[in-house]
Amino acid sequence: MPAAASPWEASSSWVAASAGSRRYTLDRMDVETAIRTRRTHKAFGPEPLPREQIDELLELARWAPNHNLTAPWRFRVVGPRALERLKAAAGPEGAAKLDRAPTLVIVSCAPAGDPVQGEEDLHATAVAAYIVLLAAHARGLAGYWRTPGLLREPAGRAAVALPDGERFVGLLHLGALRQEKAAPERPPVEQTTTYLD
Ligand SMILES: Cc1cc2nc3c(=O)[nH]c(=O)nc-3n(C[C@H](O)[C@H](O)[C@H](O)COP(=O)(O)O)c2cc1C
């Protein structure tokens, strides 16, 4: 697919052009365009996402596939006091990185006791995190799935009240898009696919 200069403009005209079509769209962007053009961004505008928009993204994540409908994902939206605690636990260098994005959402997994279900819960939580990023991108926002070691350590976990039973999955950075980003190369599909006879 040729890269569009601005996928949002391209896709909104696509949606307009296909009004009445039975194809599903993801807000202003069709699913394939959203999947191909979502990028990891590390620069954001300063404004936090409005709460209604955060709620909208997290509500979409509810639709992630999850075996036995365990809904294992947990989201913690970082407020100003939690951010201060996290920065204090991070130290100066780590703290500066936490200021990159105006909205931070901690994604964790509360797995069921059974190891197999627990593994499936972890997969489902990753899908839920991806839904948040994809839906943010479809709304013209920038996102970044970050996994700072801090949130695997007792001090970082305590700063955001992550209980022992929950596995840290990602610290999602969200905010207004500042700049386009080139897509990193992907290995060809043949490298990762085997057709079994
Ligand atoms: C589970 C997971 C953890 C990640 N953790 C980090 C991270 O800690 N730091 C980082 O720079 N990128 C992190 N990323 C983002 C990847 O580096 C990024 O997706 C990859 O470079 C491809 O770029 P793209 O997202 O723009 O396609 C993570 C992605 C995933 C799925």
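Helices H3 and H5 cross in a right-handed manner; a crossing is right-handed if the near helix is turned clockwise from the far one by less than a right angle, and left-handed if anticlockwise. The model is predicted: local features need pLDDT of at least 70 and side-chain atom pairs pLDDT 80 or more, while totals for chains, interfaces and linings use all residues. Residues are numbered from 1 along each chain as its sequence is written.

**Helix packing**
- The axes of H3 (residues 51-61) and H5 come within 8 Å and cross at roughly 135 degrees, with axes fitted to C-alpha atoms over the stretch in contact and angles running from 0 to 180 degrees between N-to-C directions.
- Leu57, Leu58, Leu60 and Ala61 of H3 meet Ala128, Ile131, Val132, Ala135 and Ala136 of H5, contact requiring C-beta atoms, placed from the backbone, within 7 Å.

**Helix H5**
- Helices are DSSP runs (H or I, at least four residues), numbered from the N terminus.
- Gly140, which follows H5, has a positive phi near 85 degrees.

**Ligand surroundings**
- Around the ligand lie Arg39, Thr40, Trp145, Arg146, Thr147, Gly170 and Pro184, each with its C-beta atom, placed from the backbone, within 6 Å of the ligand.

Methods:
Helix = DSSP H or I, 4+ residues; strand = E, 2+ residues; numbered from the N terminus. Contact = placed C-beta atoms within 7 Å.
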